[in-house]
Amino acid sequence: MYPTEIDYHRASSIAEAIELLSQNDDAKLLAGGHSLIPAMKLRLAQPGLLIDISHLEELKSIFVSGDKISIGALATHAQIAASADVQSYAPALASAAGIVGDQQVRNWGTIGGNLAHADPASDPPTVVLAYDGVIHIQGQSGSRSVNAQDFFVDLFATALEPGEIITRIELSNSSSAKSAYVKLSHPASRYAVVGVCAVLEMNGSTCTSARVAVGGATMKAVRSPGAESVLTGSSLDDSALNAAAAAVKSDIEEFLIGDMSYPEDYRQAMAGVYLKRAVHAALGS
Amino acid sequence: MQVKITVNGTLHERDVTPRTLLVHFLREDLALTGTKIGCDTSQCGSCTVHLDGKALKSCTMLAVQADGSDVQTIESLAQDGPLHPMQESFWEKHGLQCGYCTPGMIMASIALLENNPHPSDEEIRHGLEGNLCRCTGYQNIVAAVKNASEKMGG
Ligand SMILES: Cc1cc2nc3c(=O)[nH]c(=O)nc-3n(C[C@H](O)[C@H](O)[C@H](O)COP(=O)(O)OP(=O)(O)OC[C@H]3O[C@@H](n4cnc5c(N)ncnc54)[C@H](O)[C@@H]3O)c2cc1C
Ligand code: FES
Ligand code: FES
């Protein structure tokens, strides 16, 4: 199906993209297009102007600076999955990027577009939240940074203001932590029905700090403070995992979403199961 | 809008409306109907082509986005010459029944082997997750890709 009539402009700088975005109420940024174009084909989105930012080279790079890794908004899922720096600093992000959609989607979809779109069934938001990432944003009035905790606001809603663009995503070095992302994929689209990311700091067999985030099952990526406090200080044995699974299920209760194929209660139950799997995957056990 | 897109080695300059999807540009403006459209949701992969060397669902990109790019479609594989080893393998191993998914399946399979010349059956199945087939049950598609990887020196 055809999208509705649109104008198209290829931006040659971030400043130009921001300027056009601020001047046109019905304009939208276009990165990989792998959320926006499908939505336009279904007429769920009908922007008047597309500002194609996909040629802005400065937003494509991934680099390490001190104890942080900085990922450009235009880095594709395939690029992130293959990056040795991401594999070392944020291994669960590399592995999550490697199971987004399919090879065609990973070649073109970008992390910036993914976070901005805030589809509840996306993978990167859950992982960026569990790593306590920071989203760097630029707008007409300058630059600002938003913690992942504050970035995801609601279903398809983020802290981005009109006229703003995500430039980079920054994560702290988690190479000493044990981390993993696991998901239950939708069989046709591969989107997450439930996705769980666990980031665990270990001292011997004791977990000294845990961060747990859930997506897919919930209207936005959310942390599970209950599971985090149960896991912290435990040796991640079966009784701790059972208690953490119960805590996840109750923490996500108010955020649950569902559909005909995967109702809320099923997703809620699976979040508990996938939390345990995420911990096992992180520990390699 | 004026676009310049190289398709199967030939540069095409055309005037397109921005909402034209690349797949419609290929099929309707250039009459390259080997590339199929099997869904409205970017899920089936029957429209798969290579854009600047990377597999793409051509229903999920506007022709204007491809301005300045290089596209390879199924028609590029055996231009009046012998079949590509992947095409031969689909033939030999019965990797198709109705054939509707086949052009996309072949383009995706070639991209898969470029990234992983020696895939296991499991890796082939995962690698082709973006391509749906309603006929074969995939068994013979996996066999065809395996066969092609051997033929292509894998
Ligand atoms: C068949 C299929 C399967 C998929 N499966 C999965 C999956 O399993 N997991 C998953 O996580 N995703 C999945 N996706 C979505 C995919 O990851 C998208 O590529 C991604 O969500 C959006 O990135 P994009 O670059 O394509 O963004 P676009 O589609 O170009 O843009 C999406 C939105 O973000 C805005 N935007 C883009 N870039 C920026 C920026 N830098 N700053 C501010 N706003 C911006 C746009 O204006 C638009 O509103 C799938 C997509 C398809 C088609
Ligand atoms: S027609 Fe492109 S994915 Fe189905
Ligand atoms: S051969 Fe008929 S859809 Fe694949």
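**Notebook: interfaces in a predicted model**

I looked up the burial between chain A and chain B first: together they bury about 2,800 Å², 54% of it on carbon and sulfur atoms. Buried area is the accessible area (1.4 Å probe) that two parts lose on being put together, summed over both. I note that this is a predicted model, where local features need pLDDT of at least 70, side-chain atom pairs count only at pLDDT 80 or more, and totals for chains, interfaces and linings use all residues. Residues are numbered from 1 along each chain as its sequence is written, chains are lettered from A, and side-chain values use heavy atoms, without hydrogens and water.

**Chain A and chain B**

I found 31 residues of chain A in contact (heavy atoms within 4.5 Å) with 31 residues of chain B. I counted 3 salt bridges between the chains, each a side-chain nitrogen of Lys or Arg within 4 Å of a carboxyl oxygen of Asp or Glu. One of them joins Lys57(B) to Asp102(A), with the closest N and O atoms 2.8 Å apart.

**The two domains of chain B**

I read the domain bounds, from an automatic or database domain assignment, as 2-75 for domain 1 and 85-151 for domain 2 of chain B. Their C-alpha centres lie 21 Å apart. I found 16 residues of domain 1 of chain B in contact with 14 residues of domain 2 of chain B. These domains bury about 1,100 Å² between them, 63% of it on carbon and sulfur atoms. Thr48(B), His50(B) and Ile74(B) supply 42% of the area that domain 1 of chain B buries there, more than any other three residues.
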